Structures are given as structure tokens and as C-alpha cells.
Amino acid sequence: MSLSRHLIALSAAVCLAAGLAAAPATAEPRPRTLGELARKHHKYFGSATDNPEFTDAAYLKLLGSEFGQTTPGNAMKWYATEPERGVFDFTAGDEVVAFAKAHHQKVRGHTLVWHSQLPAWLTERDWTAEELRAVLKNHIQTVVRHYKGQVIHWDVVNEAFNEDGTYRESLFYKTLGPGYIAEALRWAHEADRHAKLYLNDYNVDGIGPKSDAYYTLIKQLKADGVPVEGFGIQGHLALQYGFPADVRQNMQRFADLGVEVAVTELDIRMNLPATPSMLATQATWYADYVKACLAVRKCVGVTIWDYTDKYSWIPSVFPGEGAALPYDENLRPKPAYHAIREVLGG
Ligand code: G3I
């Protein structure tokens with residue numbers, strides 16, 4: 001071997017050795033997170049969160065790394081943001097937004113007008129229509145302005161219909177009539193022209209009286225030029241009631257009306273104790289729900305209603321039920337987590 005050939009061979013060997021040292025053959029690439037996998041489909045995969053959970057470092061680590069979007073479970077509701085008339089408190093909401101920003105997550109604003117979790121000053125007296133309209137407008141516009149540019153969506157009106165598709169007799173409906181929905185959307189739009197404005201509800205997964213009511217309402221709102229831009233399908237399912245039929249078709253019919261669709265609060269509860277076979281069924285349901293969103297171009301993403309059974313709202317509201325989320329109470333991934341990954345191409 002000539003000297004020059006010898007040098008080339010030697011330097012090649014040195015480079016190879018250096019390369020091996022830099023990237024040992026045993027090093028596995030970091031598995032993509034649910035958020036990253038969803039992004040490949042031009043969608044987000046997110047989780048709700050709540051402020052008391054912000055003291056749990058292990059919880060926060062996963063929340064910040066695995067998900068591309070977050071929704072405050074309670075922090076932006078009326079009781080939290082305007083606890084006294086005209087006195088606004090954004091501490092809790094700001095904490096969630098700061099966390100999301102630090103972890104490059106999108107935020108869904110939840111929620112401006114809802115019959116539940118209202119402050120006592122609002123519910124414990126009677127209002128004339130004129131008074132309530134002023135209170136509602138001020139609440140919506142102050143909160144939306146505060147978060148302008150920081151939230152991608154607002155659930156402007158939450159849970160406006162009964163199961164049979166009639167209007168829920170909320171304080172707002174009883175005092176202002178059904179027109180409060182269009183007014184709320186217009187006021188929110190005035191305050192932030194970029195956040196997408198949603199109507200959001202549960203038991204609207206498939207085609208039925210309640211989702212029909214939204215279909216009719218959104219069609220009318222669009223015809224009237226009201227800025228409604230999204231339909232939020234909460235997706236609180238229970239194994240004992242069966243998987244809803246027509247999930248994809250239902251999403252598609254809203255998309256065809258010209259609004260986007262989001263799965264906003266997905267969880268799938270069961271009667272406890274959870275068995276391996278129940279957890280396997282749950283995994284299939286999560287996969288099927290995510291598949292439906294992937295099949296509809298205007299379905300922009302899926303949010304689970306927190307990610308771990310440790311912090312699920314289910315056991316306190318449905319005693320004897322639970323195990324609804326893709327991670328167990330010890331933050332270990334369940335079959336549902338793996339099924340979601342697989343559907344997203346992980
Ligand atoms: O803030 C009080 C605290 O001071 C008190 O010590 C504690 C004791 O129970 O209660 C705290 O309030 C709780 C609140 O969450 C904040 O943690 C309420 O009791 C509890 O009922 C409330 O539950 C929330 C529920 O909405 C209320 O309807 C859940 O966390 C929240 O996940 C849930 O989310 C809703 C969506 O907004 C709309 N769709 C349905 C979904 C599930 O109900």
C-alpha cells in the first residue's frame with residue numbers, strides 16, 4: 001500500500017471510529033410523541049389540564065412533552081375569570097397559557113358562555129334582558145381581549161342544547177332567548193378576529209337529535225353571516241353505552257357546512273374494576289375516534305380530557321366508573337395510548 005493510500009485508509013478508519021462514537025449502533029431514535037405524530041397529519045393531539053396539577057412534576061413533564069395542545073379544564077370558566085362583577089382574575093388561565101407557550105403548545109380557550117360553573121353574583125339574582133346582555137358582552141370581550149393572540153379557538157357557547165335538540169333553559173336562554181348565541185359569537189369576534197369561534201357539546205358524536213340541532217343552528221348562523229367557525233365534539237364516551245355510530249359522517253357533514261371540527265374533550269370511561277378486555281375495547285374506541293378525525297380534512301385535532309386517570313373528572317361525577325384516559329393513575333401508558341400511537345403512524 002502506498003503512503004497516500006495508507007493515509008486515506010487510516011483517516012477513513014479514524015472517521016468511522018469517530019462516527020461510531022458519536023452515534024453508537026445501539027442508540028435508538030427518540031420515539032415521536034403523540035403531538036408530533038398528529039402534526040404529520042396537520043392536526044394536533046392535546047390534553048386538558050387543571051391548575052392544581054401544576055405541583056406534580058412527573059405529570060407536567062409528560063403534559064409538556066407528549067402533547068401539542070392544551071385546554072384549561074377550569075381556569076378560563078366564568079367563576080374563575082370574573083369571580084366578582086367587573087373584577088377579572090386571569091391568574092389561573094395565564095398559568096396554563098404560560099406553560100403551553102413554554103412547551104410550544106396551542107391553547108383552546110374554554111369556555112365563555114355556559115350554564116355551569118357560573119359565579120354566585122351572576123346566578124343569585126334576576127336580570128333584565130338589557131342588564132344581562134351588558135354583563136355577557138363585557139365578560140366575553142374582556143376575557144377574549146385578554147387572551148387575544150394566545151388561543152387558537154374559543155368554545156364561545158358550551159352545551160346549549162338538550163338531548164332532544166331543544167334549547168337548554170339556561171340563564172342566558174331564559175333571559176335573552178336563542179339569539180344569545182349569535183350575539184355571543186359576534187361579540188367574541190369583535191374582540192379577537194383570529195381565534196376560531198366554536199360551539200361545543202357532548203353526546204353529539206354521531207348523527208341524532210342533538211347534533212341535528214347544531215347542524216341546523218350552524219347552517220342558519222352561517223346564512224346570517226354570524227362568525228361561527230367550528231363545531232366542538234366533546235366525546236365523553238362510556239363502554240357500557242356502545243361506540244356511537246356515524247362519527248366520521250357526522251364530522252363530515254359539519255365540515256361540509258363550512259366549519260372546522262375538533263374533538264375537544266375525549267375520554268372513555270368504564271365500570272370499575274377495569275379488566276384487560278375492557279381496556280382492550282377502550283383502546284379500539286380511542287383508535288376509531290382518532291381515525292375518524294384523520295379521515296376528515298377539516299377535523300383539526302383531538303384533545304383528551306386530561307391524559308391520566310390520576311386527574312380524571314369521572315370518578316367524582318360517576319361513582320364506580322373511571323379508567324377513562326390513555327395513561328393510568330401512575331402515569332403509565334395503557335393499551336389506549338399504544339392504539340392511538342399506532343393510528344397516528346407511530
Ligand atoms: O374550586 C373548588 C375547590 O375550591 C374545592 O376545594 C373543590 C372540592 O371539591 O372543588 C373545586 O371545584 C371543582 C372544580 O372542578 C375545580 O376543580 C368542582 O367541585 C368540580 O365539580 C369541578 O369539576 C369540573 C366540571 O367540569 C364541572 O362541571 C371538572 O374539573 C372539569 O373537568 C369539567 O369539565 C367539563 C367541561 O368544562 C365541559 N364538558 C364536560 C366536562 C366534564 O364535566
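**Figure 1. Asn250 in helix α11.** Asn250 is part of helix α11, which covers residues 247-256. The model shown here and in the other figures is predicted. Is Asn250 buried or exposed? Its relative accessibility is 0%, and the limit for a buried residue is under 20%, so Asn250 counts as buried. The side chain of Asn250 reaches the backbone oxygen of Gly206 at a distance of 3.3 Å. Gly206 is also one of the contacts of Asn250 once neighbours within four places in sequence are left aside.

**Figure 2. Glu265, annotated as an active site.** An unreviewed UniProt entry places the feature "active site" at Glu265. This residue is in strand β8, which covers residues 260-271. Glu265 has a relative accessible area of 5% and is therefore buried. Which side chain makes a polar contact with the side chain of Glu265? The partner is the side chain of Asn200, at 3.3 Å. Residues up to four places away in sequence are not counted in the list of residues that Glu265 touches. That list holds His110, Asn200, Ile233, Gln234, Gly235, His236, Thr303 and Trp305.

**Figure 3. Thr303 in strand β9.** Thr303, one of the residues touched by Glu265, has its place in strand β9. The relative accessibility of Thr303 is 0%, so Thr303 counts as buried. With neighbours within four places in sequence left aside, the contacts of Thr303 include Val263, Thr264, Glu265 and Leu266. Strand β8 runs over residues 260-271. Thr303 is also in contact with Tyr44, Gly46, Ser47, Ala48, Gln69, Thr71 and Arg108.

**Figure 4. Val107 in strand β3.** Val107 is located in strand β3, which covers residues 106-113. Val107 is buried, because its relative accessible area is 2%. Val107 touches Gln150, Val151, Ile152 and His153, among others. The list, which does not count residues up to four places away in sequence, also holds Gln69, Thr70, Pro72, Met76, Val97 and Ala100.

**Figure 5. Two cis peptide bonds.** Most peptide bonds are trans. The bond that joins His110 and Thr111 is cis, with omega at about -5 degrees. Thr111 is in strand β3, and His110 is among the residues that Glu265 touches. The peptide bond from Leu272 to Pro273 is also cis, with omega near 5 degrees. Pro273 is found in the loop between β8 and α12, and that helix covers residues 276-295.

Figure 6. Most residues other than glycine have a negative phi. Asn203, which is not a glycine, has a positive phi near 55 degrees. Asn203 lies in the loop between β5 (196-201) and α10 (209-223). With a relative accessibility of 40%, Asn203 counts as partly exposed. Asp306 is not a glycine either, and its phi is positive at about 75 degrees. The loop that holds Asp306 lies between β9 (299-304) and α13 (314-317). Asp306 has a relative accessible area of 3% and is buried.

**Figure 7. Helices α7 and α9.** At what angle do helix α7 and helix α9 cross? Their axes cross at roughly 35 degrees and come within 8 Å. Helix α7 covers residues 129-146, and helix α9 covers residues 180-191. The crossing is right-handed. From α7, the residues that meet α9 are Arg133, Leu136, Lys137, Ile140, Gln141, Val144 and Arg145. Their counterparts in α9 are Glu183, Ala184, Trp187, Ala188, Glu190 and Ala191. By class, this contact has 7 nonpolar, 1 polar and 5 charged residues.

**Figure 8. The protein that holds these sites.** The protein has 346 residues, and buried residues make up 52% of them. Its secondary structure comes to 14 helices and 10 strands. Taken along the principal axes, the C-alpha atoms fill a box of roughly 100 × 45 × 40 Å. Of the contacts between residues at least 6 apart in sequence, 77% join residues at least 24 apart.

Note on methods:
Residues are numbered from 1 along each chain as its sequence is written. This is a predicted model: local features need pLDDT of at least 70, side-chain atom pairs count only at pLDDT 80 or more; totals for chains, interfaces and linings use all residues. Side-chain values use heavy atoms; hydrogens and water are left out. UniProt positions are given in the numbering used here, feature names are shortened, and annotations may be inferred rather than shown by experiment. Helices (H or I, at least four residues) and strands (E, at least two) are DSSP runs, numbered from the N terminus. Buried means under 20% relative accessible area, exposed over 50%, partly exposed in between (1.4 Å probe, protein chains only). Contact means heavy atoms within 4.5 Å. A polar contact is a pair of N or O atoms within 3.5 Å; within protein, one must be able to donate a hydrogen and the other to accept it, and residues adjacent in sequence count only if both atoms are side-chain atoms. Axes are lines fitted to C-alpha atoms, for helices over the stretch in contact, and angles run from 0 to 180 degrees between N-to-C directions. A crossing is left-handed if the near helix is turned anticlockwise from the far one by less than a right angle, and right-handed if clockwise. Ala, Val, Leu, Ile, Met, Phe, Trp, Tyr, Cys and Pro count as nonpolar, Asp, Glu, Lys and Arg as charged, and the others, Gly among them, as polar.
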